[in-house]
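This report covers a single protein chain.

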Amino acid sequence: MKLLSCNVSSTVIFHPSDLYYFEAQNTDITPLLVQLNTCTNLEQLKLVFLHVVSDVYKFTEIMDNCSNIVHLDLFGSVMHDDITQWIGSLLHLQYLNISYFTISSYIPRFNAIGNCRNLEEVYMSSVSIPERDIRDILSHCKFIRVLYYCDNIIYNSTIDHISHLEYLTELYVDGSTFQDNSYPWKCAHLINLSLDEFNGEPIMLESFLLNMNLEKLIINPANTDSDRYDDVCEIFRKS
């Protein structure tokens with residue numbers, strides 16, 4: 001089976017050993033969790049806007065046999081179990097989306113995700129991740145190419161770790177609050193950068209652009225005095 005789109009009426013997974021892609025959105029997957037544990041060749045798991053709270057079916061225990069996952073999408077889902085340790089055990093993981101993801105039982109630690117050394121695309125927007133855990137993730141996952149870290153608080157130490165991601169080409173930090181003007185000036189390898197606002201002086205942005213190889217720059221004009229940056233934007237267009 002090449003694709004399974006789960007819905008409430010789907011209670012049986014046929015040929016689980018052949019399943020490599022599983023997707024469920026806005027539905028109850030509890031009847032399928034035990035069967036998912038037998039899908040040992042599962043590579044892509046997408047559980048979007050799900051609310052998984054069960055004392056009988058503990059997600060992490062059931063999914064322990066699914067260790068070959070390379071693509072994990074939990075966007076907007078709410079889970080009772082702390083699955084961060086399980087995510088950290090997915091050593092083949094290349095794509096992770098935990099944006100707007102919530103664990104309802106308690107505040108989790110996310111540092112285990114740093115074990116996923118093959119991560120290339122990471123989406124962590126609007127997630128309450130302690131700063132020390134962000135540092136652990138960024139310092140160990142050195143192959144990240146695309147990073148979404150929107151609607152978060154960004155500290156100087158976080159920017160420092162982002163700047164050391166030598167393969168990073170796309171950074172999206174829309175809606176994030178920068179502490180101490182800790183903008184990503186050091187990320188000279190970026191190609192695409194999206195900011196929600198910029199409150200620094202134009203000379204800072206000009207210096208930034210002249211030292212970058214950006215092909216795409218987005219600054220929300222609603223939050224930025226665009227008139228002050230006309231000359232700078234002209235420099236960017238010419239470059």
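Two bridges join S4 to strand S6 (residues 78-79), and the two run parallel. Val 52 stands opposite Met 79 in S6. Strands pair if DSSP finds at least two bridges between them. Strands (E, at least two residues) and helices (H or I, at least four) are DSSP runs, numbered from the N terminus.

The model is predicted: local features need pLDDT of at least 70, side-chain atom pairs count only at pLDDT 80 or more, and totals for chains, interfaces and linings use all residues. Residues are numbered from 1 along each chain as its sequence is written, and side-chain values use heavy atoms, with hydrogens and water left out.

**Sheets**

S4 and S6 belong to an open sheet of three strands, ordered S4-S6-S8, with parallel pairing. Strand S4 (51-52) and strand S8 (102-103) are at the edges; each has a single partner strand, so one side of each lacks a neighbour in the sheet.

Strand S2 (residues 21-25) pairs in parallel with strand S3 (residues 44-48) through five bridges. Tyr 21 has Gln 44 in S3 as its bridge partner. From S2 the chain crosses through helix H1 (residues 30-36) to S3, and this β-α-β crossover is right-handed. That term means a clockwise path from the first strand over the helix to the second, with the strands pointing away from the viewer. Four of the five residues in S2 are buried. Buried means under 20% relative accessible area, exposed over 50%, and partly exposed in between (1.4 Å probe, protein chains only).

**Helix packing**

The axes of helix H4 (residues 131-140) and helix H5 (residues 156-163) come within 9 Å and cross at roughly 10°. H4 is therefore roughly parallel to H5, a label for angles under 35 degrees. In H4, Glu 131, Ile 134, Arg 135, Leu 138 and Ser 139 meet Ser 157, Thr 158, His 161 and Ile 162 in H5. Contact means heavy atoms within 4.5 Å. The residues of this contact divide into three nonpolar, four polar and two charged.

**Loop residues with positive phi**

Tyr 100 lies in the loop between strand S7 (95-97) and S8. Ser 126 lies in the loop between strand S9 (121-123) and H4. Neither is glycine.

| Residue | Phi | Relative accessibility |
|---|---|---|
| Tyr 100 | Tyr 100: near 60° | Tyr 100: 37%, partly exposed |
| Ser 126 | Ser 126: near 55° | Ser 126: 31%, partly exposed |

**Whole chain**

The chain has seven helices and 15 strands. Of its 239 residues, 46% are buried.

Note on methods
Axes are lines fitted to C-alpha atoms, for helices over the stretch in contact, and angles run from 0 to 180 degrees between N-to-C directions. Angles under 35 degrees count as roughly parallel, over 145 as roughly antiparallel, 65 to 115 as roughly perpendicular and the rest as oblique. Ala, Val, Leu, Ile, Met, Phe, Trp, Tyr, Cys and Pro count as nonpolar, Asp, Glu, Lys and Arg as charged, and the others, Gly among them, as polar.
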